[in-house]
Amino acid sequence: MDKYTEMIRIRFLMMLAYRTNYYTGILIYAINIAAYYFLWSAIYGDKPSMQGMSLGQMTTYVAISWLSRAFYFNNIDREIAMEIRDGKVATELIRPYSYLGMKAVQGLGEGLFRLFFLSLPGLLVVSLFLPLQFPEHAHTWLSFSLSLLLSFIIYSELNLLAGVVTFFTFRNEGLLRAKRFIIDLFSGLILPISFYPDWAQQLMHYFPFQAISYIPSMIITESFQGVAVRDGLLMQAAWCALLLLPIGVLWRMAKKRLVVQGG
Amino acid sequence: MFYLSVFFQYMAQYMKTKLQYRADLLIEWLSDFMAQAVNLVFLLVVFGHTPLLHGWSRDEILFIYGFFLVPYAVFGAFFNLWDFNERYIVQGEMDRVLTRPVHSLFQIILERMELESLLGAIPGLIIMAYAGVRLSLTFHWYDLFIFVLLVIGGAFIYAGIFISLATISFFADARTSIMPMMYNISSYGRYPVDIYHRVIRYILTWLLPFAFVGVYPASYFLRKEEWYGYAFFTPVVGALFFAIAVMLWNAGVRRYRGTGS
């Protein structure tokens, strides 16, 4: 266990080393949210609410969605793909840890850094100018934190899955990119799921994507209440467990047919 | 002349390598279309809930989006500096580039060319045609030339901003995460900038002039006469930002010392 926590620490420090990145990151996050606020204001026009959400709730929703994304987002799919192409994966596999587990904690280290040093300060800056509405109840914050952690696990599982697929396809940059757009669209990052037409909402129930962004954002804006919060968290937990299965199966197959292309 | 022949030789080599991996090429196209679909879906879903966006109709906004895709495709094909820092500075490729007898920026542009991105212009043209027909827009014979001019201007604005960002690598240890975020900001230039607070409008017009890639030039074809001044200013802004970027680049190259790898 020690080696995993150590890896989180190292990743965190690696991120901290790039200072310019950090200041511009806060600024750009703030601009991003502000632009979304004006866009949504124009969309709302004179309407007090759309799909049961007020403009204030929508602004908070957008700000929190991007904050969450900074935490759950990682590039471990690309890292795995690159290590397979460079042949580095062979040395990784003989090391005394679980390769996929180590990748996941590296993603966590980066995510924690971005959450606490990038988006949280960015959110504070934004909340000075924009009417963000944060919940007062402690249990909302608690459910949100739990939900965000589950988001990270689901997103990382999808990334691990995509990374492992590289063992079979060798080159799949296009596929990884397409996956990112699908997640942005269907996770509720760009639009709350409740804005989509009914048939699309029905369809999205069958995919793990809305468990990534929509559920935590709906919890923190208190658009989900009571039972809806519980159901959301349960759904996330179910996807966390369910996704382990294909990863396990593919990973076993991948190790058997590993071809190291030089290196 | 020399530069032109280098350009065509690179292009020929490029075609050969790309056609080696046909399946990959296909998936790359698909993922590009997917990226465009994300924005299109956003627009369509939003206009399912409201008829007008600050006085602009769905078809007008679609037209602006379609227009934007064309300069964006040109930019994507020739100015792929996304991983400049990782590839050229951290891995030391810049040292190799600097030993060659062509301008370093020109050579990197050729090396990182992605001609297939030009195909991204096709959905753009289709969206424009669709929206144009629904708005019953009329065109003159010279509009085609204006279109080309505005597209080139827009592509150069993009190029100028992203080259300037890449030159940060010469001066500071910035990693790539600024670039993806800048891609987000660039998309706000596609919406009518009068919806934003004047600070943001100012930023999108004069500091990061992405409005000149989307809403301003498209306004000309939408016959929004109050925006004509801005629309025709597009090539000037493009030339200006590109010139600044090249100057920054040259200054950066003079400072460059290599990583020693």
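The contact takes in 34 residues of chain B and 35 residues of chain A, where contact means heavy atoms within 4.5 Å. About 3,400 Å² is buried between the two chains, 72% of it on carbon and sulfur atoms. Buried area is the accessible area (1.4 Å probe) that two parts lose on being put together, summed over both. One salt bridge is counted between chain B and chain A. Asp32(B) pairs with Arg177(A) in a salt bridge, with the closest N and O atoms 3.3 Å apart; the term requires a side-chain nitrogen of Lys or Arg within 4 Å of a carboxyl oxygen of Asp or Glu.

This is a predicted model: local features need pLDDT of at least 70, side-chain atom pairs count only at pLDDT 80 or more, and totals for chains, interfaces and linings use all residues. Residues are numbered from 1 along each chain as its sequence is written, chains are lettered from A and ligands numbered from 1 in the order in which they are written, and side-chain values use heavy atoms, leaving out hydrogens and water.

Turn to chain B. An unreviewed UniProt entry annotates "transmembrane region" at residues including 25-49 and 145-172 of chain B; such annotations may be inferred rather than shown by experiment. Residues 25-49 of chain B are 88% helix and 0% strand, with end C-alpha atoms 37 Å apart. For residues 145-172 of chain B, the values are 96% helix, 0% strand and 41 Å. Helices are DSSP runs (H or I, at least four residues), as are strands (E, at least two), numbered from the N terminus.

Trp206(B) lies in helix α10 of chain B. Trp206(B) is partly exposed, at 38% relative accessible area, between the limits for buried (under 20%) and exposed (over 50%), with a 1.4 Å probe and protein chains only.
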